[in-house]
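Here are my notes on the model you sent.

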Amino acid sequence: PAATRRLSLITPSGRLTLGNLLGALGPMAAGQDDAECFYGISDLHALTTPRSPAELRAAVTEQATLLLAAGLDRSTLFVQSDVPAHAALSYLLECVATTGELGRMIQFKEKSRRQGSVRASLFTYPVLMAADILLYRPQEVPVGDDQRQHVELTRDLALRFNAAYGEVFTVPEITVPPVGARVMDLADPTRKMSKSGADAGVIGLLDPPDVVRRKVARAVTDGDSGPDAVRADRAGKPGVTNLLEILEACDGSADGLASYGGLKAAVTDAVVATLEPLQRRCADLAADPGHVAEVYRRGAARCREVTEPVLDAARAAIGL
Ligand code: ADP
Ligand code: NA
């Protein structure tokens, strides 16, 4: 195996967006030859909030196809629930985690505040995430600010387990990920474009050209109209800045653009050109579901090979 391992999980909590592509899948595809990469679809994490079985299955299938279509064909692709060690190790780690520290997780506090009935799995979500990470013994875990507290918990749990039961886990370093584009919602450019956002502000990876055109045409800008209206200014002109950043991330050029109409036409063309090859590969793969299933079957087999010795060591150490 390669010297370094890289691991990233994406939750099938909705349809993948242009933000996911430019901020995550693109950089993941570009970096897959300098480490052994494991990219997972975290269906167990998706169950922390209610969704119908059909909706979950459709999201997993679509995401599985899109990860391959995005060019992650030289990585180990897997679905979390196909690798039993994730849930099994999570339980062992729940036996070293405390309710006090889980209750201090900012994401839990924010998400649970918005829900009437909160699933216990939302509370223990960071422990399953710790298991996701520790099973692969990665030396480094690149994370954005929103996940930093969870990876610090992962380090704490690994250190505590090792101190109590023996050196089972590698304690990963937290690293800052390479800066990908941060894409904002088209209808509210002060919020990040998200799988769970309202449709009008979100460009889906499978949106056809006319839908992309309509959403970009309705993107929020501002009332400026002078010769220098088309310019980046994140605080003062968040909508225009977002469009310029999308344009650049999609390899378009803003040279000579003097109006918002011209900017939106250029953004539409650049986004459509970026999505077209992905959508074509996705259609080809959707016509060959046996191939997609085989890729994920092989991926899960590789993950079981990597994770089972770690789970076995943890079980033995804790006295099972
Ligand atoms: P979402 O918010 O769409 O549900 P996740 O939180 O599951 O996305 O993140 C999946 C990956 O996509 C992460 O690596 C995250 O940093 C990246 N990502 C998500 N939204 C954006 C965005 N709007 N711009 C850039 N990267 C994003
Ligand atoms: Na999210």
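**Notes on the predicted model**

1. The shell around ligand 1 divides into six nonpolar, 10 polar and three charged residues. The model is a predicted one, and the points below should be read with that in mind.

2. There are 19 residues around ligand 1, and those that come nearest are Gly-19, Gly-23, Ala-24, Ser-194 and Lys-195. Helix α1, residues 18-30, gives the most to this shell, with five residues.

3. The secondary structure of the chain comes to 12 helices and five strands. Along its principal axes, the C-alpha trace spans about 70 × 45 × 40 Å. The radius of gyration is 21 Å, which agrees with the value near 20 Å that a compact globule of 320 residues would have.

4. Helix α3 (residues 53-69) packs against helix α11 (residues 260-286) with the axes 9 Å apart and an angle of about 125°. An angle of that value makes α3 oblique to α11. The crossing of these two helices is right-handed. On the α3 side the contact involves Thr-65, Leu-66, Leu-68 and Ala-69, which meet Leu-278, Arg-281, Cys-282, Leu-285 and Ala-286 in α11. By class, the residues of this contact are seven nonpolar, one polar and one charged.

5. Helix α11 also has a contact with helix α9 (residues 209-217); their axes come within 9 Å and cross at roughly 145°. This crossing, too, is right-handed. From α9 the contact draws on Pro-209, Val-212, Arg-213, Val-216 and Ala-217, and from α11 on Lys-264, Val-267, Thr-268, Val-271 and Val-272. The contact of α9 with α11 has seven nonpolar, one polar and two charged residues.

6. Which residues make the contact between α4 and α7? Helix α4 covers residues 85-94 and helix α7 residues 120-134; their axes come within 8 Å and cross at roughly 120°. At that angle α4 counts as oblique to α7, and the crossing is right-handed. His-86, Leu-89, Ser-90, Leu-93 and Glu-94 take part from α4, while α7 supplies Thr-124, Val-127, Leu-128, Ala-130, Ala-131, Asp-132 and Leu-134. Sorted by class, the contact of α4 with α7 has seven nonpolar, three polar and two charged residues.

Note on methods:
Residues numbered from 1 in each chain as written. Chains lettered and ligands numbered in written order. Predicted model: local features only at pLDDT ≥ 70, side-chain atom pairs only at ≥ 80, totals over all residues. Near = placed C-beta within 6 Å. Helix = DSSP H or I, 4+ residues; strand = E, 2+ residues; numbered from the N terminus. Nonpolar A, V, L, I, M, F, W, Y, C, P; charged D, E, K, R; others polar. Axes fitted to C-alpha atoms, helices over the stretch in contact; angles between N-to-C directions. Parallel < 35°, antiparallel > 145°, perpendicular 65-115°, else oblique. Left-handed = near helix turned anticlockwise from the far one by under 90°. Contact = placed C-beta atoms within 7 Å. Rg over C-alpha atoms; globule rule 2.2 N^0.38 Å.
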